Amino acid sequence: MEKKDTCPLCDRPFGKGVQMHHLIPKSQGGKETIPLHPICHRKLHALFNEKELARNYATVEALRDQIEIKRFTAWLRGKPPDFYRKTAPQGGKRRRK
């Protein structure tokens with residue numbers, strides 16, 4: 001049973017920042033939303049395109065079972081509710097300044 005005061009993806013309590021995520025993207029006909037930490041929301045959209053989200057990750061359980069999300073939520077464990085770090089581009093590529 002999910003608690004309304006915790007993020008369903010990482011299971012940490014919410015702080016001041018909460019963003020709504022469409023489990024099936026609006027562009028794919030989705031309407032249902034769930035609250036997420038901003039860092040969790042950005043991670044999902046950094047990892048998956050809208051078709052992948054709709055086809056393969058339309059439930060919290062499917063998202064949580066994905067290996068990259070498991071690694072990400074393990075890394076987040078113990079961090080404060082409003083912790084935020086810019087999401088790195090996929091493939092380990094980082095922009096040089």
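A polar contact is a pair of N or O atoms within 3.5 Å. I began with that cut-off and a predicted model.

**Entry 1: the ends of H4.** I looked up the start of helix H4 and found a side-chain oxygen of Gln66 within 2.7 Å of the backbone nitrogen of Glu68. After H4 comes Gly78, whose phi is positive, near 90°.

**Entry 2: the buried side.** Which residues of H4 are buried? I noted Ile69, Phe72, Thr73 and Leu76. Down the axis of H4 these buried residues fall within an arc of 95°, so they line one face of the helix. An α-helix has 3.6 residues a turn, so residues three or four places apart point the same way. Among what covers the buried residues of H4 I found helix H1 and helix H3.

**Entry 3: the core.** The largest nonpolar core has 20 residues, and Leu9, Cys40, Phe48 and Leu63 touch the most other members. Strand S2, H1, H3 and H4 each give two or more residues to this core. H1 gives the largest share, four residues. I then checked Cys40: beyond its neighbours within four places in sequence, its contacts include Phe72 and Leu76.

**Entry 4: the rings.** I counted three aromatic pairs in the structure. In one of them, the ring centres of Phe72 and Trp75 are 6.1 Å apart and the planes are at 35°, so the pair is tilted. Phe72 counts as buried because its relative accessibility is 8%; Trp75, at 35%, counts as partly exposed.

**Entry 5: Lys79.** The charged end of Lys79 sits over the ring of Trp75, 4.6 Å from its centre. Lys79 also lies over the face of Phe83, at 5.5 Å from the ring centre.

How values were computed
Residues are numbered from 1 along each chain as its sequence is written. This is a predicted model: local features need pLDDT of at least 70, side-chain atom pairs count only at pLDDT 80 or more; totals for chains, interfaces and linings use all residues. Side-chain values use heavy atoms; hydrogens and water are left out. Buried means under 20% relative accessible area, exposed over 50%, partly exposed in between (1.4 Å probe, protein chains only). The arc is that of the directions from the helix axis to the C-beta atoms. Contact means heavy atoms within 4.5 Å. A polar contact is a pair of N or O atoms within 3.5 Å; within protein, one must be able to donate a hydrogen and the other to accept it, and residues adjacent in sequence count only if both atoms are side-chain atoms. A nonpolar core is a set of buried Ala, Val, Leu, Ile, Met, Phe, Trp, Tyr and Cys residues joined through side-chain atoms within 4.5 Å. Rings of Phe, Tyr and Trp (its six-membered ring) pair if their centres lie within 6.5 Å; planes under 30 degrees apart count as stacked, over 60 as edge-to-face and the rest as tilted. A charge sits over a ring if NZ of Lys or CZ of Arg is within 6 Å of the ring centre and within 35 degrees of the ring normal.
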